[in-house]
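Take a first walk through this structure. Keep the sequence and the 3D view side by side as you read.

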Amino acid sequence: MSEEKNGKLEEQQQQQWPELKLPELLYTDTIRKLHEVIESDWDYLRRSACQMAAGRALWKHVIHDPLAELLAGETCLRSFHEKIRKDQCNDAKEVSGVMLAVRTLWFDAKIEAAIESFGGGEAQVVLLGAGMDARAYRLPCLKETAVFEVDFPEVLQMKTTTVQAATASKNNVRMTAKSLKRVAADITDNNWLQKLQTSGFVPEKNTVWVLEGLLYYLSHSHAMEVLKIIAENCTVTQTVLLADFMNKPSTTLSSTMYHFHSDWPDHLLPSLGFSDVNLSQIGDPDAHFGLLHDPLNLFNKLRSLPRSLQTLPDDGTPCCRLYLVQASGSPIKPQEETM
Ligand SMILES: C[S@@+](CC[C@H](N)C(=O)[O-])C[C@H]1O[C@@H](n2cnc3c(N)ncnc32)[C@H](O)[C@@H]1O
């Protein structure tokens, strides 16, 4: 790369990820104590919610999330920022968090399109494993939509307290959704749908189900159960399912954290009764957002290889893919995945 081009790139990156300047609100007693508890008491599953928020906070040049820094907390922000800095120093082809940024933007775009496709009328968006997702505060397309956030009680409690502190002191934080209900539930228990309904979810209303960064943390049987429950719901209303799936090689990134996988979610979902299944990979035209310029980056490389391939031909490393999947429709005969 020429010196001039190198200099320009550095300047651009410096603009995108300047020195970390954290908001004062992070250091107020309430927020500081909340994050102390998260660091000492929460397991990796719950903490993953803060890591996602840190990613969104640091990719603020493409994602406007007014709550992300507060929800992420100082430790997560610093360690994520450090990873980005290292990637920059190593001239990495893909900077940490790019996949998260693309995924967030993909879900944002698909949620908006799904609501539009319902053609008016009251719609619902259910964020399963909502974590620190702040879409109810950042997506204008939700203005006529009831939003439900489902997660563990302590995750939602922490979020509520943080959002209250933010809205009390920051004037750019306000709800953009028509309404928001937080539903404390463990999705592996068999009563979460009932809890959702008790909170005002109406099965007959058009619904977008958002399963972002959730399924692979569940066991195979729990993930299948959740998908089947949503598929059953399709029989009573117009439904859009948006979910990301890890393929099998991706679960080797951490065998303790990641469990459920599907190499062919585009076959699995129709077998459960979903229709109009659309699968995208990071870097595809609808999952690009101008963030994956280098044709040699890992995502573009993976897209050029057959999906059945489990390891990269040049160095034998696992082909870790994340599939972004949209499905909808009215199921007829649910069947078990046979693959
Ligand atoms: C990686 S985070 C993703 C959060 C959010 N969807 C996002 O993209 O920012 C996974 C979230 O799923 C939640 N989760 C995982 N298993 C769950 C379960 N069995 N019941 C409820 N929530 C769960 C975790 O608490 C965490 O908030």
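This is a predicted model: local features need pLDDT of at least 70, side-chain atom pairs count only at pLDDT 80 or more; totals for chains, interfaces and linings use all residues.

Residues are numbered from 1 along each chain as its sequence is written.

Start with the domains. The domain assignment gives domain 1 (22–90) and domain 2 (98–329). Such bounds come from an automatic or database domain assignment. The C-alpha centres of the two domains lie 20 Å apart. Their contact takes 26 residues from domain 1 and 28 residues from domain 2. Two residues are in contact if their C-beta atoms, placed from the backbone, lie within 7 Å.

Look at the side of domain 1 that touches domain 2. Helix H2 (29–41), helix H3 (44–58) and helix H4 (68–72) each supply at least two residues of that side. H3 gives the most to it, with 9 residues. Helices here are DSSP runs (H or I, at least four residues), as are strands (E, at least two), and they are numbered from the N terminus. The residues on this side of domain 1 divide into 19 nonpolar, 4 polar and 3 charged. Ala, Val, Leu, Ile, Met, Phe, Trp, Tyr, Cys and Pro count as nonpolar; Asp, Glu, Lys and Arg count as charged; the others, Gly among them, count as polar.

Now find the ligand. How many residues surround the ligand? There are 20, and the closest are Ala49, Met52, Gly129, Gly131 and Gly213. A residue is near a molecule or strand if its C-beta atom, placed from the backbone, lies within 6 Å of it. The shell around the ligand draws at least three residues from each of domain 1 and domain 2. H3 gives the most to this shell, with 5 residues. The shell divides into 10 nonpolar, 5 polar and 5 charged residues.

Next comes helix H5 (residues 74–89). Its 16 residues should span 22 Å at 1.5 Å a residue, and its end C-alpha atoms are 22 Å apart, which agrees. The expected span is 1.5 Å times one less than the number of residues. Which residues of H5 are buried? They are Cys76, Leu77, Phe80 and Ile84. A residue is buried if 20 or more other C-beta atoms lie within 10 Å of its own, exposed if 12 or fewer, and partly exposed in between, with C-beta atoms placed from the backbone. H3 and H4 are included in what covers the buried residues of H5. After H5 comes Asp91, with a positive phi near 55°.

Move on to helix H6 (residues 98–117). H6 has 20 residues and reaches 28 Å from its first C-alpha to its last, close to the 28 Å expected at 1.5 Å a residue. Its buried residues include Val98, Trp106, Phe107 and Ile115. Gly119 follows H6, and its phi is positive, near 65°.

Leu196 lies in helix H8 (residues 192–198). Is Leu196 buried or exposed? Leu196 is buried, because 21 other C-beta atoms lie within 10 Å. Leaving aside its neighbours within four places in sequence, Leu196 is in contact with Val126, Phe148, Val150, Val183 and Phe201. Leu77 of H5 is 119 residues from Leu196 in sequence and 32 Å from it in space, C-alpha to C-alpha.

End around strand S6 (275–281) and helix H11 (298–303). Asp276 is found in S6. Asp276 has a positive phi of about 45° although it is not a glycine. It counts as exposed, because it has 11 C-beta neighbours inside 10 Å. Phe289 lies in the loop between S6 and H11. Phe289 is not a glycine either, yet its phi is positive, about 55°. With 16 C-beta neighbours inside 10 Å, Phe289 counts as partly exposed. His293 lies in the loop between S6 and H11 too. His293 is exposed, with 9 other C-beta atoms within 10 Å. His293 and Thr207 are 86 residues apart in sequence and 35 Å apart in space, C-alpha to C-alpha.
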